[in-house]
Amino acid sequence: MSSPVVTRRAAQKAKIQTRSVASGTARPQSSALLEAKKRARQKISSGEKRNSDIQTLRDPYQTTMEARNLIHGATGLVYDRQMAQHLCLWDENYPECPARLTSVLDRCQELKLFERCQKIDPKPATKEQILLKHTEEHFEILKKTSGSHDEVALEDLSSRFDAIYIHPGEMEVTPAAYTHLLSPLMSLAEGKVAVILEGGYCLRSLAEGAALTLRTLLGDPCPNIEPLEAPCESVQETILNCISVQRPFWKCLQVHRTYGLEEVNNINPPRELHQVVSVFKGITERPERFDTRNCYPVQNEERIRTVNERLQRLEMSTNLRVAPNRVCLVYDEAMAEHRNVFEVHPECPKRITSIWDKLGEFGVVGRMHRVGSRVATVEELCLVHSPEHVKLMEESVQRKDLEVIGEQYNSVYFHSSTWNCATLAAGSVLQVVDDVLNGNSRCGVCVVRPPGHHAESDLPHGFCIFNNVSVAAEYAVRSHGLKRVLIVDWDVHHGNGTQHIFETRRDVLYISLHRFDQGNFFPKGPDGDYVEVGSGTGEGFNVNIPWNRRGMGDAEYTAAFHNIIMPIAYEFDPELVLVSAGFDAAIGDPLGGCKVSPEAYGHFTHWLSSLANGRVIICLEGGYNVNSIAYAMTMCSKALLGDPLPPLDICNRDLNSSCIETIRNVLSVQKKYWKCLKFNKKVPNFVSEDTTNLSEMVQGMTISDEPCDSDSTNERTRNAGNEPQPGPSGSRGEVKKDHQSLSDYLAENAAALANEEMFAVVPLKNCPHLALLDPSQAPNEINTNVPCEECASPRENWICLHCFRTLCGRYVGEHMLYHHLDTEHPLALSFSDLSVWCYKCESYIDNPMLYKYKNMAHVSKFGGEEMVWPYGSDTLHLTMDGTPKN
């Protein structure tokens, strides 16, 4: 195999040589030139040339190619029953007891897990190893206890250390839940995961949880867990507190909205604002002695009986059966006969043949159970398609004017073998469904074509004749009696057909992750937008995640999975997961325009495999770069086989701002239907300890009017001549006060301010980002009636004072915020109240430098009326405790 690394220099050299050969004009080289080249080559080979002179381009498939030899290996297990000799001499009921170890070992032995593990011989840690994390004093104290049976001395020594403390408020995590906590971790670090036993003092629950955890490490499917309830207020508070504190450090948390002080002060009551609360009720001073007896709660017999009964029910309902075949596979080269004979077409036979070849190259085919293909019957197709549509498709391929027939539909072509291939594709998927649901295989892979998710119930569409996955979902419900089927569609195009077929159903949840581009990306139209949630009894069981920009990659798709797909999927609790696996969002696809790596599809598959007891079926949809789809389907297959996955290259990468907008939009709509989305609240972008409550400020505040320097004001007026100048029409003494002043108004409403019935915001007078403004580049006028350039909203629009784009505010589409995130332009002016906000200072700004911009907006907003100069006259001075504020 040639080197996967291509140097920029080699590429340029090859291009020059190719041009010379093609033109036939390559000139003979002189001996002096040949000698110079020889010396240059010797210089490079001797390492004298700097490495920075040569730039390397990494093959986009190199990571996947390197994963070829990553095969699920043995699971190591280390234990020693001698560890049971550690026990409390003075209290036989002490929770940290030998039975904690022996009960775990006994349950693992009962499930015959030891024989499936590779035994690792235990050995004591050396002093040097222990001192890596512990002090020598600590080591020596414990060393002296070795072999001692002096109960009094040992208890006295133990009293100097904090004893184990079990809070009486017991947790409710079931043993099976630990497998779901472990499973996503196994996709990290190429599967290098070590699980070390720590606490756990209900012996039966501990033993079951540890045994199920070991099964997960061995590659067994995660058992189903109990239906998830809405997270309680305490859980919501804890998680949102963590998100609030960690958000500045982890870019994956940027999808969570934030609010600043101005939002607290301007919204009454606050909407969906999480307030960080930190309460510590413990003891800050370490006591000299700790209790060694009666330092733990004791459960009464009734509580013990209730817990044991529940654990018994959980054990009986936990499905520990493992299918004889881990993965089944269906492929039939006959499906390659369907082709476009009229023009070169992206949906071509090589799509499936390249996948088959790559599966063989990676040695995957021999590790999977091959099931036979078959055609779907008319009755099976009519599970989701109208009889008229099925009959028309059968009759169409018998005609001679196939090109004309294809032109009647949107992006469809016909071949004399189309009917055979389309029914073979649909029927082959049903073969895999049967093999999985009958318990012969845990999961399956379907390498089929033509694709299906665009096909409507009554017509073909978008390269699709019959909707293979929809037929499979309905077949699973009707023939196998399933009550909940999840369809995850990660094809870059929206699966309009699948959505329409199931949009009124609640037993089939459809989640689609696709490019939308505000309805301008195929299949176009509004159906793929996030507001389409299903209808009737199916309302809330349709989830669209629409990207509105090209270029989405691993980081964006990972964010969508962790923030939307997986939480909703867990709450839905499917009995079968069908994946409409289009790979046209993969890097290099000519139609998709996205950048998802092949290994990322493996991670998506692994995450979904923790659902439905591992019953996941991957069904090929789109994907038109034959290299990308071959590698991507191979990585999905390896993930189902339990092979370690290469890490994703998403470390420290900012999420695309359009991705953040999409995820937030989806969460804002779907939280109505899914309890797991309770965490979709705004978190503060400030530290509350460093701020003072506005109501507390107002309580000690007096408000006064202070005369301004009228001479300077009058001087400016006198020098103005006849030209209109910014400034008041006359001095303070010349203006009749026929309205209530701002100071009078605030003084009158001071009580309302203090009671937070009214809010006031005092803008900053100076901002370091004002220096970025260039008034000479400002337009001649600002039109406050212009709609948002992104969503055409006429409400709550702002204008960027750096590039002068008009975009909507945070309560419409937040496009000005996303503009700031993309461009880092900090200052924007509101068309609503002519205020100026600085995104970087997180504050309103009011400074004379802003008058030009405000005045242009004022002229537009108020029919040509100039804005009165507000600086240097009638200035409001706020004082605290009667002290003037300078």
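Helices (H or I, at least four residues) and strands (E, at least two) are DSSP runs, numbered from the N terminus, and two strands pair if DSSP finds at least two bridges between them. This is a predicted model in which local features need pLDDT of at least 70 and side-chain atom pairs count only at pLDDT 80 or more, while totals for chains, interfaces and linings use all residues. Residues are numbered from 1 along each chain as its sequence is written, and side-chain values use heavy atoms, with hydrogens and water left out.

**The sheet**

On β8, 7 of its 7 residues are buried; buried means under 20% relative accessible area, exposed over 50%, and partly exposed in between, with a 1.4 Å probe and protein chains only.

Next, select strand β6 (residues 325-331), which runs parallel to β8 and is joined to it by 6 bridges. Within this pairing, V330 stands opposite C446 of β8. Then move to strand β12 (residues 576-581), which pairs with β13 in the parallel sense over 5 bridges. Here V577 has V616 of β13 as its bridge partner.

Now display the whole assembly. An open sheet is formed by 8 strands with parallel pairing, in the order β7-β6-β8-β13-β12-β9-β10-β11. Its edge strands are β7 (369-370) and β11 (542-547), each of which pairs on one side only. Strands of a sheet pair through backbone hydrogen bonds, either parallel or antiparallel.

**Aromatic rings**

The structure holds 24 aromatic pairs. Rings of Phe, Tyr and Trp (its six-membered ring) pair if their centres lie within 6.5 Å; planes under 30 degrees apart count as stacked, over 60 as edge-to-face and the rest as tilted.

Select F362 and Y631. Their ring centres are 6.2 Å apart and their planes stand at 80°, so this pair is edge-to-face. F362 belongs to the loop between α13 (350-361) and β7, and Y631 to helix α22 (residues 626-640), so the contact ties together parts that are 269 residues apart in sequence. F362 counts as buried at 5% relative accessibility, and Y631 counts as buried at 7%.

The next selection is W419 with F466. With centres 5.8 Å apart and planes at 80°, this pair is also edge-to-face. W419 is in helix α17 (residues 418-437) and F466 in the loop between β8 and α18 (468-480), 47 residues apart; the pair thus links distant parts of the chain. Both W419 and F466 are buried.

For a group of rings, select W490, W547, Y557, F561, F583, Y601, F604 and W607, which form one aromatic cluster.

A charge sits over a ring if NZ of Lys or CZ of Arg is within 6 Å of the ring centre and within 35 degrees of the ring normal. Another case is K119, which lies over the face of Y79 at 4.7 Å from the ring centre.

**Backbone exceptions**

Most residues other than glycine have a negative phi, and most peptide bonds are trans. Select R449 and P450, which are joined by a cis peptide bond with omega of about 0°; P450 lies in the loop between β8 and α18. Then select F522 and P523, joined by a cis peptide bond with omega of about 10°. P523 is in the loop between β10 (508-515) and β11.

Two further stops concern phi. S411, although not a glycine, has a positive phi of about 60°; this residue is found in the loop between α16 (402-406) and α17. S411 is partly exposed, with a relative accessible area of 30%. N613 is not a glycine either and has a positive phi of about 60°. N613 lies in the loop between α21 (598-608) and β13, and is buried at a relative accessible area of 9%.
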